[in-house]
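Work through the exercises below with the sequence and the structure at hand, and try each task before you read its solution.

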There are 2 protein chains.
Amino acid sequence: MARANTLASLGEFGFLERLFPTLATRRDVVVGPGDDCAVVRCGKQRILITTDVLVEGVHFRHAWMTPRQLGRRSLTVNLSDIAAMGGRPTFCLISVGVPTSYPVTSLSAVHAGIEAAARAAGVAVVGGNVSSARRLFLSLTVLGEAGRRVVTRGGARVGDELYVTGTLGAAALGIRQLRRGRRLGAAVRRYREPQARLAAGALLAQRNVVSAMIDISDGLLQDLGHMTAASNVGAVLNVESLPCSSALRQLAGPAALQLALRGGEDYELLCAVPRGRVPLLQRLSGQIGCRITRIGRCVGSDRGIELAGSERQRSVLNKEGWDHFRRS
Amino acid sequence: MARANTLASLGEFGFLERLFPTLATRRDVVVGPGDDCAVVRCGKQRILITTDVLVEGVHFRHAWMTPRQLGRRSLTVNLSDIAAMGGRPTFCLISVGVPTSYPVTSLSAVHAGIEAAARAAGVAVVGGNVSSARRLFLSLTVLGEAGRRVVTRGGARVGDELYVTGTLGAAALGIRQLRRGRRLGAAVRRYREPQARLAAGALLAQRNVVSAMIDISDGLLQDLGHMTAASNVGAVLNVESLPCSSALRQLAGPAALQLALRGGEDYELLCAVPRGRVPLLQRLSGQIGCRITRIGRCVGSDRGIELAGSERQRSVLNKEGWDHFRRS
C-alpha cells in the first residue's frame with residue numbers, strides 16, 4: 001500500500017479534503033476553502049479570492065495553443081471561479097515559473113494574452129513575479145467584488161431544477177483531436193479559447209435566480225458531485241437533454257455522451273434553480289448571453305447521482321460501471 | 001546574440017521591466033506593479049496584495065530544510081513584503097505544484113508549517129489548489145490591510161538616513177554551509193527560519209518614521225538599488241557599520257562583507273528616515289522588536305551607490321569591480 005502515501009494515489013481532492021478541515025475559521029472569513037472562491041470581509045466589502053495554476057505537461061502542451069492563448073486561458077480559468085460565485089473580477093496577480101530556455105518573445109505573448117483577457121473583463125493586473133522553473137507554470141490569483149449576494153456550491157435544495165449554460169464536451173473533444181494531431185476545427189478552438197461566463201454568473205446570482213452554482217472545469221459529473229455533496233442533496237440528470245455543441249453531435253453517440261458528462265474544460269456554469277424561480281429565469285434568459293438548458297433536478301441525498309435516459313444510453317453507461325441508471 | 005531572447009540572459013528584473021510598463025493604471029490601483037506589494041482600493045479600504053513563489057532547485061533544495069520549515073518559509077517571504085509596506089497581513093491562498101512521488105506526509109508537513117506561520121501572524125488560510133508538477137513549487141498570495149499610511153520603496157529623499165533592521169548576511173552564510181554539507185549552526189538556522197519584520201514594519205510606517213521601505217530578499221546592494229532607483233536618489237553606504245551577526249563576524253573580513261552586501265535571503269527591512277524623524281526613531285527603538293542600525297544616507301542620484309569604508313575594504317570591493325568607493 002505504498003501508493004497510498006503519494007499524491008498520485010490520493011488525488012487532488014483527496015489531499016484537499018485532508019488539508020481543509022484543519023483550516024481555521026474566522027469571523028472575517030465568509031466562505032473558506034472548498035468553494036470556487038474564498039469570500040472574505042474587508043471593512044464593509046466582501047471580496048472574492050481565487051487562485052488557479054496551469055502547469056506545462058499537466059494542464060497544457062506548448063504544441064496545443066499559442067503563448068497568447070495560454071496567457072488568456074490562465075486568466076479565464078480564474079475568472080470562471082469568480083463567475084461561479086456571481087462576482088465581478090477586479091484585480092489579478094501573476095506568478096510565473098519559466099524555463100531559462102523559454103523565449104522572451106513567447107513570455108511577452110503569454111503576458112499579452114493575460115492583459116487582453118484582463119482588459120476585456122475589467123481586471124487590472126497589479127503585480128506578480130517571475131521565477132525560473134524546469135517547466136512553465138502560470139499561477140494566477142484573481143480578486144473580485146462579491147456583489148449583494150454570494151452564491152456557493154452548497155445552497156441547492158431537494159426539488160431545485162438543474163441548469164447548465166452553453167454547451168458541454170466540445171473542449172474535451174478538442175483535446176482529443178489535438179492529441180491526434182488535428183489542429184483546426186470548432187472543438188479545438190473551443191478548447192483553446194474558453195470563455196468565463198461572467199455576465200451569466202452575475203445575473204443569475206444578483207437577480208436571485210439560483211440557489212447554488214459551480215463552474216464546470218473537471219467535467220459535469222464530477223462538478224455536479226461537488227455541488228450535491230456540498231448541498232447534501234442527490235441529483236437526477238436527464239442524459240438526453242445535455243446541451244452538446246454541433247461538433248460533438250457529429251460523433252457517434254456513446255463517445256459524445258462520455259465527453260459531455262466527463263470531459264471537463266468546459267468552463268460553463270452548472271446551477272440549481274428553485275422551482276419558484278424558473279419563471280424568472282425564463283424571463284431573464286435573453287440577458288444571460290448564452291443558452292441555458294435544464295438538465296435535471298435535485299433529489300434526496302440517499303439517491304446519489306442518477307442518470308435518466310434511453311435504453312441505448314443505459315447500456316453505454318453501464319459498461320462504464322455506472323450503477324444508478326433509470327429509463328426516462 | 002541568441003541568448004538575449006531567453007529569460008536566462010534577461011533575468012527576472014529585466015523581464016519585469018519589460019512587462020510592467022504595459023500594465024494599465026486605474027483609479028482603484030493605488031500602487032501598481034513594481035513595489036513589494038500592490039495596493040488597491042476596495043470600498044473605503046486599501047488592500048495590500050503580494051505573491052511569491054518557492055521552486056525546488058531554484059529557491060531551495062529538499063535536503064536543506066524540513067517540509068515544515070519549507071512551508072513556513074513560503075509564507076514568510078510573502079509576509080516580509082507586507083511588512084515592507086507597513087501593513088497587517090490578513091488572508092492567504094496557496095497554490096502548490098507537487099510531483100506525484102512526493103509523500104503526502106511531507107505535503108501535510110508543508111501545510112502544517114504554513115498554518116503555524118499563518119496563525120502566528122494572524123493570517124487565515126482561505127483557499128488554494130494542488131496540482132501535479134515535475135518539481136515542487138509553492139506559490140502563495142497574501143492579502144493585508146494597508147493601515148493609514150502605505151510606505152513604498154519610492155519615497156526616499158536626498159538627505160534621508162538609511163537604516164536596516166536586524167543583521168545581514170547570516171542566511172547567505174547558512175546556504176554556503178548547507179552547500180558544503182554542514183547542517184547545524186546559527187547561520188543555517190537563520191536561513192531555514194527567516195522572520196518577517198511585521199511589527200517593525202507596521203510601527204515604522206504607521207508612526208510616520210520612514211519615507212521609504214523595502215525588504216531585503218535579493219541582498220542589501222540589490223534592494224538598495226531598487227529603492228534608490230524608485231526614489232530617484234543615490235546612496236552612500238558605510239560598509240563598517242553594516243550589522244553582521246556573530247556567525248558572520250567569525251568569517252575572514254572580505255567574505256563576511258560580501259555576504260552582508262550581496263548575500264540575500266535576509267528578510268530584514270531597509271528604510272529611509274528623514275533627518276527630522278531620527279529622534280522619533282530613537283524614542284521608538286525599544287518597541288521595534290529588533291536592533292535597527294544606521295548604515296548610510298541618501299545623496300543625489302548622479303552619485304549612484306557609493307560605498308564608504310576602510311582602505312582594506314576598498315581593496316576587497318574593487319576586486320569585485322566596484323567603481324564607486326571612497327574612504328570613510
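**Exercise 1.** Which residues does A:Glu56 touch, not counting residues up to four places away in sequence?

*Solution.* This is a predicted model, in which local features need pLDDT of at least 70, side-chain atom pairs count only at pLDDT 80 or more, and totals for chains, interfaces and linings use all residues. Residues are numbered from 1 along each chain as its sequence is written, chains are lettered from A and ligands numbered from 1 in the order in which they are written, and side-chain values use heavy atoms, with hydrogens and water left out.

Begin with the place of A:Glu56, which is in the loop between strand S3 (45–55) and helix H2 (67–84) of chain A; helices (H or I, at least four residues) and strands (E, at least two) are DSSP runs, numbered from the N terminus. Next, look for contacts (heavy atoms within 4.5 Å): A:Glu56 touches A:His62, A:Arg135 and A:Leu136.

**Exercise 2.** Is A:Glu56 buried or exposed?

*Solution.* Recall that buried means under 20% relative accessible area, exposed over 50%, and partly exposed in between (1.4 Å probe, protein chains only). A:Glu56 has a relative accessible area of 18%, and therefore counts as buried.

**Exercise 3.** Which residue forms a salt bridge with A:Glu268?

*Solution.* A salt bridge is a side-chain nitrogen of Lys or Arg within 4 Å of a carboxyl oxygen of Asp or Glu. The partner of A:Glu268 is A:Arg190, with the closest N and O atoms 3.0 Å apart. Because A:Glu268 lies in strand S10 (residues 268–273) and A:Arg190 in helix H5 (residues 186–192) of chain A, the pair ties together parts that are 78 residues apart in sequence. Finally, both A:Glu268 and A:Arg190 are buried.
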